[in-house]
Amino acid sequence: MKITNIYPLVVNGSRFSNYIFVIAETDQGVLGFGDATLDGMEKEVCAAIESFAGRVIGKDVEKDAISVENRAGGLVTSAAASGIDMAVWDLKGKAFGLPVYKMLGGAYRTEIKVYASFNRLIRDRSPEGFGRMAEQLKAAGNTAFKCHPFDGVDWRTPGPGQRVLVDRGCERFIAMRQAVGDECDVALDAHWRLDMPTARYIADRVRPYRPFWLETPIPEKKPELLAQVRAQIGIPLAGGEMQTRPDEILPLLQQQCLDVYMPDVRYCGGITGIMKMVHLLETFDVLISPHNMCTAVSCAASMHVCAAIRSFYHMEYHPEESEWVHDLTDTHFKAENGFFKLSDKPGLGVELNIEEAKKHPYQPPQPLRANMLGA
Ligand SMILES: [Mg+2]
């Protein structure tokens, strides 16, 4: 089975996002699918996919090692390489008749524990709104939840207004905990927007409500400072969603900055790249909880990886953000008592409905609110 073409397809996914699917064609008519979504960088990622295509076209899916390793680093080329890598794994699985997790050596688990991250979904940003959203998601089969409650908070604009915003954020988180009860897990993400004193203040306020973690409180470019935050706040720290290569995550590991690492299969080289990251992380005895906020294709890729990670914690997902997202693929994942079921279909197990996807071309996204950068 030889790859004859590989190309991107940009699809409007929600009011905030355009997805970048990767489609690989073969001489046997079998298609492989990947996800290279990088918000706001659609043109750049598509150009990078086209520039990588020559490394893939003409390769024999069953016999050839197919590498799109992104030696240059950077999110644009990493997203492109990641999407291509996923499509290649999808094709290899289909060629060999194996689901990806079996090609990774087998599963520690076939039911993947998930948490619902609802930052983009929620429109009512009052504390009561956060509580209601968590309640609705709990009723729909979820047992763990994460939000970014700190609207407008930014360490670069200190002042009394910031203290009001910080308190409001804490109230949103507390409302979420009170809505779902102690039998559920709740966490909060700060999107690198705090300074150290604010991280400590927030930790003191939310610690009685037992978040499973505080995510990315301060910029990760300062691992020594992050290590101090971890030592002082008494809440597990999570991060590492934007690092694209093992050598970028190594300084965080060496400084013991985080309890939980969150590599993203869309940013760190696809399935090939994330497994390299996983092998490094596992040598440091840390928990791994993949960052995952996009299409059913990358969600499936993340799930196959999660199945094959020994020190797996749980996986992020974003509940549907638009009415048409279900039309784009033949498979959708729904939490049942807090778990997604892994597919045993060959490859990733998700087919893109190309004709349906083409009905939703690129749309300029609504500007992200200041609170919604990242996920
Ligand atoms: Mg995050």
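Let's start with what covers helix 4. The cover over its buried residues includes strand 4 (111-117), strand 5 (144-147) and helix 5 (160-180). Keep in mind that this is a predicted model.

Which residues of helix 4 are buried? They are Pro-127, Phe-130, Met-133, Ala-134, Leu-137 and Lys-138. These residues cover an arc of only 135° around the axis, so they sit on the same side of helix 4.

Now a length check. Helix 4 runs over residues 127-139, which is 13 residues. At 1.5 Å a residue, helix 4 should span 18 Å. Its end C-alpha atoms are 19 Å apart, and that agrees. After helix 4 comes Gly-141, with a positive phi near 115°.

Next, helix 6. This one covers residues 196-206, and its buried residues are Thr-198, Ala-199, Ile-202 and Val-206. Their arc around the axis is only 100°, which puts them on the same side of helix 6. What lies over them? The cover includes helix 5, strand 6 (185-189) and helix 7 (223-233).

On to helix 2, residues 75-96. From first C-alpha to last, helix 2 reaches 31 Å, close to the 32 Å expected for its 22 residues. How many of those residues are buried? The count is 19 of the 22, so helix 2 is largely enclosed by the rest of the structure. Just after helix 2, Gly-97 takes a positive phi of about 70°.

Now the core. In soluble globular proteins, nonpolar side chains tend to be buried together. Here the largest nonpolar core has 115 residues. Those with the most contacts inside it are Val-22, Ile-84, Phe-145, Met-176 and Val-297. This core draws at least three residues from each of domain 1 (3-98) and domain 2 (102-347).

Take Val-22. Setting aside neighbours within four places in sequence, its contacts include Ile-6, Pro-8, Phe-33, Ile-49 and Ile-84. Met-86 and Ala-87 are also among them.

Last stop, His-360. Where is it? His-360 lies in the segment after helix 11 (354-358). Trp-192 is another matter: its C-alpha is separated from that of His-360 by 33 Å, and the two are 168 residues apart along the chain.

Technical notes. Residues numbered from 1 in each chain as written. Predicted model: local features only at pLDDT ≥ 70, side-chain atom pairs only at ≥ 80, totals over all residues. Helix = DSSP H or I, 4+ residues; strand = E, 2+ residues; numbered from the N terminus. Expected span 1.5 Å × (residues − 1). Buried ≥ 20, exposed ≤ 12 C-beta atoms within 10 Å, placed from the backbone. Arc of directions from axis to C-beta. Contact = placed C-beta atoms within 7 Å. Core = buried A, V, L, I, M, F, W, Y, C linked by C-beta atoms within 7 Å. Domains from an automatic or database assignment.
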